[in-house]
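Dear colleague,

I am passing on the structure below, and after it you will find my notes on what turned up when I went through it. Please read them alongside the coordinates.

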Amino acid sequence: MGNMGIWQLLIIAVIVILLFGTKKLRSLGGDLGGAVKGFKSAMSSEDEKKSLEENSSDVAKTSAAATEKKPESKDKEQA
């Protein structure tokens, strides 16, 4: 019962085309493709933001550690 053959799928496709028409299906497909593309770009930009935040936090930690060491060396030079 759950096994659909090629003929059943073809009949369903013809009924859908007759009900909605080709122009409406074409625009629906374009809208769906645009939504998927937008979703993918949003997901990839979130991944890039996370990696940039991780890199910037690593850089901030190393620069903070470097600035902490610099005043000590200046104090030694002045003494």
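Buried means under 20% relative accessible area, exposed over 50% and partly exposed in between, with a 1.4 Å probe and protein chains only. By that scale Met4 counts as partly exposed, because its relative accessibility is 44%. This is a predicted model, in which local features need pLDDT of at least 70 and side-chain atom pairs count only at pLDDT 80 or more, whereas totals for chains, interfaces and linings use all residues. Residues are numbered from 1 along each chain as its sequence is written, and side-chain values use heavy atoms, with hydrogens and water left out.

The protein contains 2 helices and 0 strands, where helices (H or I, at least four residues) and strands (E, at least two) are DSSP runs numbered from the N terminus. Of its 79 residues, 0% count as buried. The accessible surface of the protein (Shrake-Rupley method, 1.4 Å probe; for residues, only the protein chains shown count as cover) comes to about 7,400 Å², and 64% of this belongs to carbon and sulfur atoms.

Met4 lies in the segment before H1 and touches Leu9 and Ile12, leaving aside residues up to four places away in sequence; contact here means heavy atoms within 4.5 Å.

Helix H1 covers residues 6-20 and includes Leu10, which is partly exposed at a relative accessible area of 45%. Just after H1, Gly21 takes a positive phi of about 90 degrees.

Finally, an unreviewed UniProt entry lists residues 6-22 as "transmembrane region", although such annotations may be inferred rather than shown by experiment. Over residues 6-22 the chain is 94% helix and 0% strand.
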